[in-house]
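Hello,

Here is the structure I promised to pass on. Please open it alongside this email, and my notes follow below.

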Amino acid sequence: MTLQQLVLIALLGPAWATAGLPCTQMFPSQQPPATADSVRPSDVAALFCVGLNEDRSELYTVLSKLQELLTVFNPRLISLLNVPQSPQHGTLMEQTNHMSLYLKTNQDMDMSLDWKLVLLFVQVDHLCACEQQQIPSLMSRVVADVDAALQLLHSQLNRTIVSVAVWDGEQDVIQRRKCPCGDTNSEGELILQRALLTHALQESLDELLVQRHWYSDRADFTVSLQDVAFIRDLSFYTQAGKPRSESTISKFTDKLMVKLWTGLLQPSLEARTDENEDRIRFPCPTEDQPFLRTERNSPSFHLREASPLSPALTGTELPCEDLSSSPSTPTSVHELRPGDIRVIAAVGDSLTAGNGIASGPNDILDVLRQYRGLSWSIGGDENLTTVTTLPNILKLFNHNLTGYSVGIGMQDSPEAFLNQAVAGAKSKDVPSQVRALVTRMKNDPRINFESDWKMITVFIGGNDVCDHCTNSLLFSELNYVQNVRESLDYLHKEVPRALVNLVEPLLVTPLREMHMDKTLKCPTWLVDILCPCVTLPKSNSEALQNVENKNRGYQEVLHGLVESGRYDTRSDFTVVIQPLLRDIVVPRLPNGRPDRSFFSADCFHLSQRAQTLMARALWNNLLEPLGHKTSKQEFNSSIELKCPTKNSPFIRTYNNSNYMYSGPSPTSVPISNWGSDFSCKNLDPSDTQPTSVHKLRPSDIQVVAALGDSITAGTGAKSRNLLELNRDYKGVSWSIGGDKTLETVTTLPNILRKFNPLLKGFSKGQGSIQKAFNMAVAEAKTSELPAQVQALIKAMKGNKDVDFGKDWKLVTIFIGANDLCTYCLDQNNLSPKNYSHNLMLSLDTLYKEVPRLLVNVVDVLQIDVLKTVKKNTLGCSLMQRISCPCVINPTENSPEFEEVRRINHKYQAEVEYLISGDRYDGKEDFAVVLQPFLHNFFIPHVGVGEADTSFFSINCFHLSERAHAEMAVSLWNNMLEPVGRKQAYNNFTYDRSKVRCPSEANPFIFTKTNSLPAPPTTAPTTPVWVPVLVGITSFLAGIVISQLVLSYCRRKRNRKGNDRTVSTEGCSLPQSVIRLSAFVSFISWSVSVIKPRPQTRWMPSRPG
């Protein structure tokens, strides 16, 4: 292995090495390459970058790592990420001109002989367009700037490869200072607009390079374009404004650097797969493809080369003969004919808004255009012979139909009319849509609000499924159905004479097929932004199964809502579920490939061809009786329109379908306690008492203890009024309480008592009389933690029931909330460094003085969410401010509030750094484990933006017994999860069956050590004492043989009359003796040098 390869391993770490390093092709060309098409990474003598701004911290990190990597290939690399005195905020042309002038005067390189690599970044945030018609001119201006910069480089530099990359690193810029018009758009619209602008810029630059022939009119200069745009971590799109941990940012920049590096190399012919999602797959130059990529040595696919979509018939013939309405206006929704519908309306997301319906196959930017007049459920352009939509069908029954949208525009345009769908909308956005819809209905003179019959289509949920993996609580089935229920409740209350079509969320997973077939040339990276939870999971993975479960869950909860009879309390209103999209069969071409013509240019939104079939399917669903509605769509087959019949002339409802609702779900039994059910079967302790903390089973724990503040003390957990608020209900404390049993009180000790009924140390009742080893003190800060540790050790040693030296102990530490709540009052003493220092002192004492101990350190919670806990009571309005002034008193988004949030994350980073090191790894009977279930803290909501106060005591700060129970379950479940794969958020939903069980394969409480993959074993396993015995035996045998050799030589010389000097000269030994001696000596040496190899662990960098 060469020195370069060793340095590369040291630089990138063991995990990188196992992913395919070291590279074998790391040496420069034997002769300096004459053309740009034969330049190896090691031939690059200089690396330069233009197009950066000084506030791009993540991009600088990426480039710094790339610079270090290229230095391994060429240790003499000259690299300037920032050319001295470069105009950081200057235009691209100004930066490029400054760089070329600098290179001319640089004495460290030979401009005529050295090969140079220039990375030119094009910033997406230069594209700020408040109107869509502004985008083409703005795009042309940006591309023209890039063209001018490349022309300058071409004229000034020789022996140069320029790699152009689109960088979209400031996703929140549109929403903030640089593009103020973004404030008028919803979050979903902003995400869609940003993603499509990024892709359109990529397309435009690709087209420029094709037109310019990659500026390759001479052999020593060329330009290439990175295959995909570079964007911030995809989680940003769905968790905007939420700070990410340093380890997350580091992992992201690693992946981005590899992505940039991959784009610089010739594409590999080997298809590499890796089941470990966390492992970074690092490509190397190969023997067949050792060069940096250029268009000549690796021709690429160009975005404009996508095959044109086949024309589709979008008109429909209606075979119905009887188009008449009722003889008189019906008074019952169950006697409603199609001709009786006078007003039509819809709410939903981009599929109803009409994004990209008529876009060309290569015009991805046009997907921003909302073709509302072509929308399947609400569009009214032209007529049914040319445009198939539900309104165009209904217009044949009632020429006076109104409400449908026409043309192109946003939801607030006059043309949208009663199409109030918003691109990118999720279920939480629908309540505001229905309010806007009802306002328009009431205020429009064309509508008689009281007497006109209305049909309203609600179709929502696809974007919830697309983002569910980013926040499982926010996108839970419960929150989804609550949002839909709020919307339907409002319609039911406000709108007379209405039939609501509630369309089930379509099955989203078939979308993946469009992006698995690379021959379709779909922009998969773009859809990874728009729908990451569906496209990113691997096939047959648990994550993909979760997508299907969530999708089906959304469909099922709608049935429970409607079949409760909630919306059938009067004769002029009903809600009917239309299941036409429950199952989707991907349309295919005769050759078996997916048919792209059913999709818009982005392979995500639907084309007019698909919208046509959806409109037909919805119409047919309207006429199909409940219980017999079509729920599977095979878009390859044509859908013939059905007609009302003499026997069934009405739009079908539960009443005229003779359909019996299943009725509301059984009324839940009132919750009388916050206990949990226990289903674990294997409760046995270890066969013999373990000596290693890494072999510790729950049944082996004999003593529990806890340290912390008012949360662990149980302050106010069961208080019913202000007088009881200061009581410490230690018996229900989540980590140390032991009141009653698990069936009625959920705490960590009550769970452990199922495994070991003789458990000691838990607290009971109120106050300090039965506190046992609950040393937590209300309002304690971290500076008081060392004193609690000393008190605990003293109490343990003084307790006659505890065998201090032999009993296994579990101590839980949770502290830091009070530090954060008062941080603004004493910033020096409550700094993150002091927080970490006090925690370290406490752990050091435990490590030094307490044998047989496992310590749970629970991550400090994300405290800013307490600001959302509100209740119109004296306790909440006044005492919450007193308890936590630095969080509650500052206004939202103020500098003071943002500072507390920043410090909160620094606290979490400090704890992670302290515990992830090897400071506490020196004893076999001691371990510290970080339990991160509160790292991202979510409070369940009972309404739109309304926190569920049942998790809090009467001051809206201390936690209630319900929250204690949830924290106990979360802590226990964290203990049964491997380090590195622990759940880092809470899931506070009432479920008595959430207590997990140790598995047979992993019966131990997880520590850092037993979370590592088990090394491969061979049978039979050699006992540890065997190598030692062999070594000793070999050593003794070597001594004996040596003595025999020396004796033989002495006797031989004595016979010859030589002197007594001991020498082997002239001593000829039998060859078998010599070989035996050498063999034994080798065995002895081999055994002596064999040592176990330590396992390598990842260590985070010091925060800050």
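Start with the largest nonpolar core, which has 150 residues; Leu120, Leu150 and Leu201 touch the most other members. (A nonpolar core is a set of buried Ala, Val, Leu, Ile, Met, Phe, Trp, Tyr and Cys residues joined through side-chain atoms within 4.5 Å; buried means under 20% relative accessible area, exposed over 50%, partly exposed in between, with a 1.4 Å probe and protein chains only.) Helix 6 (residues 187-211) gives this core its largest share, 10 residues. Helices are DSSP runs of H or I, at least four residues, numbered from the N terminus.

A second, separate core holds 97 residues, including Leu696, Val703, Val887 and Ile1005.

The model is predicted: local features need pLDDT of at least 70, side-chain atom pairs count only at pLDDT 80 or more, and totals for chains, interfaces and linings use all residues. Residues are numbered from 1 along each chain as its sequence is written, and side-chain values use heavy atoms, without hydrogens or water.

Back to Leu150. Leaving out residues up to four places away in sequence, Leu150 touches Leu120, Val162, Val164, Leu209, Tyr215, Phe221 and Val223. Contact means heavy atoms within 4.5 Å.

Now the confidence. The average pLDDT (the predictor's confidence in each residue, from 0 to 100) is 84, and 81% of the residues score at least 70. Residues 233-243 are one of them, with 26 contacts beyond four places in sequence. Residues 269-278 are also under 50, with 15 such contacts.

Last, Leu878. This leucine sits in helix 24 (residues 874-883). Leu878 counts as partly exposed because its relative accessibility is 43%.

Best wishes

Notes: Helix = DSSP H or I, 4+ residues; strand = E, 2+ residues; numbered from the N terminus.
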